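Please look over the model shown here.

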Amino acid sequence: MTAPPEKLRVAILGAGMIGEIHRRASLMAGRELVGVMASTLDRSRQVAAKWGAEPIARVEQLADLAADIVHVCSPNALHEEHVEGAITAGANVICEKPLATSIQTAQRLVDLATSRGVHTAVPYVYRFHPMVREIQARASSGEFGAWQLLHGSYLQDWMLSPSASSWRVDAKAGGPSRAFADIGSHWCDLMEFVTGERIASLLAATTITVPQRPITGATFGASSAGGALQAVTTEDAASVLFRTRSGVLGSVTVSQVSAGRKNRLWFEFDGQKRSAVFDQENPETAWLGSEDSAEVLHRDPSRGSYDQRRLSTLPPGHPQGFAQCFENFVADTYATIKGEHRDGLPTFSDGLRSARIIDAVVRSAAGGRWVNVEQ
């Protein structure tokens, strides 16, 4: 029997950096953490002792734990098993992106969740920046006019060093795409969410700038020196040219080897009347331009669109960032599970949409040609 909303029980599968962020956001939302699974049973016991939860050795234990919500934060190749196990146990699921490493698997997970009637979410958390919601609301009202050009980038440098590595480098664990699946998926989700446009076809090119990397390593940071090397088959960077269903031209460049760029998700969406710019590393403001003027909007919970005000949890001048985005995403997911409506929550359907775009990027880069995105 499902526990009362105030007693929702949470389990987390995956205890790395992102698992810790999920845990913090869950606790901020007032939920009870009952179980955690890490990479090994010993590691699970260590993390469980630290987090005050039960160690999980197998996904079958989720039913015994009576978990109401399962956060899947494990390596990409494990998502299918972990999501299926959570749904089978009757739990609602938040699954890290990418939802799956293939369209077929993503579709199966969507169908399974639908058939079991559980709530799902995928943390495309940049939707939860208040200034993103402000731009999205203005776009929906027609303030920018018809879109003319959609462009931007998402740049990081955590894989710049030849000694940097992680499970993501191995296509068996992370899937056939690395940089684009990891961060390009965020940019594309944000573009489609804000503008209402949908990518119909694309031309992609990818590059591997470090041909060999250590077999093991931390998700963020360099691995230990002297380890064995493996050939790298997943991209360090990618550039994608696309057209939307309505014919709008766009482009995005993603990189995990851009020195000095830590987490720079940036977009400019140019409309017939006005343009909008947002920089995730400077999330307190948005730039709006017109033919005869330009202005900088500041986040302010006392003015602007409803969601901009709702998601502004701190007063002006007290910067909000990624942590608050994640907290708002988890809070909205939990509210939805309790039966409350929240606009803009990304679900498994959005995860499937992302899988289709990633698949098109991989196919285009391999064939050097324009390809259609499965709709």
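Cys-325 is buried, with a relative accessible area of 1%; buried means under 20% relative accessible area, exposed over 50%, and partly exposed in between, with a 1.4 Å probe and protein chains only. Cys-188 is also buried, at 4%. This is a predicted model, in which local features need pLDDT of at least 70 and side-chain atom pairs count only at pLDDT 80 or more, while totals for chains, interfaces and linings use all residues. Residues are numbered from 1 along each chain as its sequence is written, and side-chain values use heavy atoms, with hydrogens and water left out.

A disulfide is taken as a pair of cysteine sulfur atoms within 2.5 Å, and by this rule the count is zero. For Cys-188, the nearest cysteine sulfur is that of Cys-325, 18 Å away. For Cys-325, the nearest is that of Cys-73, at 17 Å.

Helices (H or I, at least four residues) and strands (E, at least two) are DSSP runs, numbered from the N terminus. Helix 10 covers residues 322–337, and its end C-alpha atoms are 23 Å apart. Because 13 of its 16 residues are buried, helix 10 is largely enclosed by the rest of the structure. After helix 10 comes Gly-339, with a positive phi near 100 degrees.

Nine strands form an open sheet with mixed pairing, in the order 16-15-14-13-7-12-11-8-17; two strands pair if DSSP finds at least two bridges between them. Strand 16 (293–298) and strand 17 (371–372) are the edges, each pairing on one side only. Strand 7 (residues 147–155) and strand 13 (residues 264–271) run antiparallel and are joined by eight bridges. Gly-152 has Phe-267 in strand 13 as its bridge partner.

Two backbone features remain. Most residues other than glycine have a negative phi, and most peptide bonds are trans. Ala-66 has a positive phi of about 55 degrees although it is not a glycine. Ala-66 sits in the loop between helix 3 (61–65) and strand 4 (69–72), and its 41% relative accessibility makes it partly exposed. The peptide bond from Lys-97 to Pro-98 is cis, with omega near -5 degrees. Pro-98 belongs to the loop between strand 5 (92–95) and helix 5 (103–116).

How values were computed
The expected span of a helix is 1.5 Å times one less than its number of residues.
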